[in-house]
Amino acid sequence: MKTLKFARKIPIDSTWDVVVVGGGPSGCAAATAAAREGCRTMLIEATGSLGGMGTSGLMTTWAPISDRISETLNTTGEVGADKETLICGGLAQRVIRETKKAMPHMPKNRWTWLRYNPEHLKRLYEHLILSSGANLLFNTSICAVETDGHGVITSVIASGKSGLRAFQAKVFVDCTGDGDLAAFAGAEFEKGASKTGEMQPATLCFLLANVNTDIYLRGPRLNPDNPKSPIFKILKSRRYPHIKDTHVCNAMLWPGVVTFNSGHVWNVDGTDPESVSRGLVEGRLIAEEFRAALAKFCPDAFGNAILVATGSSLGIRETRRILGDYVLSLEDYSARRTFSDEIGRNNYWIDIHTGIKEDKKSHQAWAHVQNRYMHYKSGESHGIPYRCLTPKGLRNLLVAGRCISCDRPVQGAIRTQPTCLVTGEAAGAAAAQTCRRKDGDVHAVDTDKLRKRLKTEGAYLPDVK
């Protein structure tokens with residue numbers, strides 16, 4: 001590839017104490033947490049709305065935040081608050097509770113697989129950010145990072161309609177999901193499967209409207225754990241070439257509207273724009289084929305269904321995992337390990353969607369992987385150490401969200417939206433503490449003080465022996 005030496009004077013914005021890059025759940029929580037501590041905070045988001053996959057990606061469903069995840073899976077989830085613990089506290093619980101208010105048809109005591117209105121969530125995140133005192137910049141992407149050569153990020157270069165612009169701050173927080181800022185700064189990372197480098201398949205979520213949801217709710221269930229699911233007839237018919245596996249998560253969002261996290265798009269690298277572009281095109285074809293197939297095989301429920309929306313963001317499950325001072329491992333997960341510096345807890349299972357190179361019969365392999373690791377029992381969870389948020393070799397950078405330091409199986413468990421909110425809030429609070437330190441070193445944060453501050457804000461952090 002030919003290269004071009006690019007040199008140009010660009011304006012510098014050095015107003016900020018903390019700059020957060022990426023406006024998904026982790027970025028919204030990080031910016032809010034930093035700003036409420038009095039830091040001059042800027043949140044930079046590449047798209048035109050906050051929330052990431054939860055809004056632009058039409059995910060529309062919160063992963064379970066209750067420690068009764070095993071018992072409530074595949075049930076109504078209507079368990080009393082006195083019988084369970086909500087292990088995602090702080091901003092995560094605050095946000096989720098607010099989304100429940102906008103969905104009055106959801107059971108009041110339910111904390112598993114809660115559906116929400118993505119448009120409401122966009123506004124909720126905006127209110128959260130702006131009311132905290134943080135600043136917000138949409139339609140701006142980072143494209144380069146400057147360092148002093150000794151582990152300190154000096155500037156982040158961003159591009160937007162006004163051209164290039166450099167942002168300087170005491171501390172930066174990478175909430176891009178893909179670890180873009182960290183990678184540009186020279187952080188070490190792992191990516192995909194260790195043998196093939198292949199990453200989990202992507203999915204483009206979509207909404208079908210004009211569905212007879214009364215009939216839909218009476219069945220048959222579309223999910224592949226139902227032997228009579230229409231998905232098996234759809235695959236056998238071979239009339240829908242873009243539907244290649246049994247991945248068909250779905251639920252009623254509102255009366256008449258069903259939300260789908262269905263169909264896999266393989267061989268997508270979320271850090272490669274050309275690859276993501278191909279994935280978006282493929283995802284839209286899959287969505288339309290699902291509409292047509294369900295109209296044929298479930299005509300009473302879906303005969304008049306309309307494909308009203310596909311996500312503007314492709315659902316990327318994994319790319320880079322930034323290597324930090326500690327790598328959270330499957331052994332830690334299996335041992336339900338606690339840590340003296342833990343900033344949150346997780347009880348979601350190992351959720352790895354198999355790549356096509358790992359097993360060409362992907363739907364069979366996917367079912368196998370889903371059951372490869374035991375689910376936690378009621379009351380069980382594992383800790384997430386602060387050290388997973390501190391990239392090795394970089395003094396003024398924190399990471400949050402699905403790119404934190406962990407091995408591949410654990411990444412399949414901690415990549416959910418509630419956990420991203422938890423790690424984001426911790427990163428923002430730690431960034432604020434770092435700003436008050438003379439050395440400006442995120443690795444030297446007093447984690448006892450950090451945990452105490454997070455607890456004050458409602459974080460679920462049991463005392464560690």
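Reader: How do α3 and α4 lie to each other?
Author: In this predicted model, local features need pLDDT of at least 70, side-chain atom pairs need 80 or more, and totals for chains, interfaces and linings use all residues. Helix α3 covers residues 90–101 and α4 residues 118–132, and they pack at about 140° with axes 10 Å apart; helices are DSSP runs of H or I with at least four residues, strands runs of E with at least two, numbered from the N terminus. Axes are lines fitted to C-alpha atoms over the stretch in contact, with angles from 0 to 180 degrees between N-to-C directions. Under 35 degrees counts as roughly parallel, over 145 as roughly antiparallel, 65 to 115 as roughly perpendicular and the rest as oblique, so α3 and α4 are oblique.

Reader: Which residues of α4 make the contact with α3?
Author: Residues are numbered from 1 along each chain as written, and side-chain values use heavy atoms, without hydrogens or water. Contact means heavy atoms within 4.5 Å. From α3 come Leu 91, Arg 94, Val 95, Glu 98 and Thr 99, and from α4 His 120, Leu 121, Leu 124, Tyr 125 and Leu 128.

Reader: Is Thr 60 buried or exposed?
Author: Thr 60 sits in the loop between β3 (41–44) and β4 (61–62). Buried means under 20% relative accessible area, exposed over 50%, partly exposed in between (1.4 Å probe, protein chains only). At 0%, Thr 60 is therefore buried.

Reader: What separates the C-alpha atoms of Pro 391 and Phe 172?
Author: Pro 391, in the loop between β18 (382–385) and β19 (397–399), is buried at 1% relative accessibility. Pro 391 and Phe 172 are 219 residues apart along the chain, and their C-alpha atoms are separated by 12 Å.
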